[in-house]
Amino acid sequence: MNAITPTQSAPDTRDGPLGPQDLEHYARTGWLAAKGLFTAEEAAEIGRWSDAVVAMPEVPGEHMVYYEKSLLDAERKVIQRIENFCPYHAGFDGVVRGGRLPAAVEQLMGGPAVLFKEKINFKMAGGAGFDPHQDQQAGWSTYAAMFVTALVCIDRATVENGCLEMSDAPRYAGLIGQEWVPLTADEMAAFKLIPVETEPGDVLFFDSYAPHASKPNLTDQQRRILYLTYNLAADGDHRAQYYADKRASFPPDIEREAGREYRFRV
Ligand SMILES: O=C(O)CCC(=O)C(=O)O
Ligand SMILES: [Fe+2]
């Protein structure tokens with residue numbers, strides 16, 4: 001994959017792949033949908049990399065695989081997500097650290113950015129949805145005051161299979177809810193969540209205060225999405241500490257102690 005060439009060529013996009021309308025939408029809402037930032041072929045390649053990550057043997061201390069019970073078949077466990085795989089996959093590592101994605105994120109953040117975390121949400125057939133939240137509610141303020149996530153669509157995401165739903169409110173500059181719990185109806189009174197369907201290769205950028213949610217996937221096909229979260233380099237490189245903390249508080253399934261209960265919160 002050539003991860004360097006910007007896909008848009010308007011004169012004022014010289015500093016990165018996002019154009020003035022993209023930047024204006026982000027400034028107004030805290031998110032923006034960049035259609036076709038990757039080609040369908042590039043998205044298919046990212047899909048093959050995801051298959052390769054699924055096929056990697058699970059080893060305690062390495063990439064982190066989380067499972068969930070299928071809502072369509074209570075007997076079946078399916079992969080919910082995999083995190084911390086960049087050190088074990090050169091293709092992902094390249095696309096995450098160079099080319100269009102960090103270039104776009106740096107346009108949005110206004111300075112050099114570093115990777116905070118990476119995950120693939122699989123939302124397999126029967127995979128659960130996500131209650132409304134701001135990502136910053138998941139204890140991220142321990143690490144930095146602001147993050148930007150690039151959501152890279154691998155499989156077409158639709159209303160039926162649980163695409164992301166974004167807020168129609170003006171951009172929030174801070175938390176509107178409590179840490180570690182989903183947003184309440186009162187906290188959401190000022191906005192509606194609007195489904196944002198995406199095609200393979202589309203990238204949805206959103207900051208860590210942009211409220212969002214998604215529905216379960218009750219279709220018979222997986223809905224894979226890659227999430228790459230960055231913070232300003234000036235705020236420090238927290239990736240290793242974040243994953244050390246997460247491994248301790250919410251370890252992947254193979255690192256769990258028998259008899260202990262682990263609950264996903266936000
Ligand atoms: O993948 C989804 O449907 C939403 C995921 C999400 O918001 C999250 O993991 O924070
Ligand atoms: Fe989220």
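## Largest pocket

The largest pocket holds about 600 Å³ of space; a pocket is an open set of points on a 1 Å grid over the protein atoms alone, where a 1.4 Å probe fits, with protein on both sides within 12 Å along at least five of seven lines. Volume is the space filled by probe spheres set on the points, which are joined across faces, edges and corners. Of its 32 lining residues (an atom within 4 Å of a point), those closest to the centre are Ala138, Trp180, Lys246, Phe264 and Val266. Helix 5 gives the largest share of the lining, 4 residues (helices are DSSP runs of H or I, at least four residues, numbered from the N terminus).

This is a predicted model, in which local features need pLDDT of at least 70 and side-chain atom pairs pLDDT 80 or more, while totals for chains, interfaces and linings use all residues. Residues are numbered from 1 along each chain as its sequence is written, chains are lettered from A and ligands numbered from 1 in the order written, and side-chain values use heavy atoms, without hydrogens and water.

## Ligand 1

The space taken by ligand 1 is the largest pocket (more than half of the ligand's atoms lie within 2 Å of its grid points). Polar side-chain atoms of lysine 119 and serine 214 each lie 2.6 Å from an oxygen atom of ligand 1. For aspartate 135 the corresponding distance to a ligand oxygen is 3.2 Å.

## Second largest pocket

The second largest pocket has a volume of about 480 Å³. Among its 21 lining residues, Glu68, Gln80, Phe250, Arg263 and Phe264 are the closest to its centre.

Terms used. A polar contact is a pair of N or O atoms within 3.5 Å; within protein, one must be able to donate a hydrogen and the other to accept it, and residues adjacent in sequence count only if both atoms are side-chain atoms. Helices (H or I, at least four residues) and strands (E, at least two) are DSSP runs, numbered from the N terminus.
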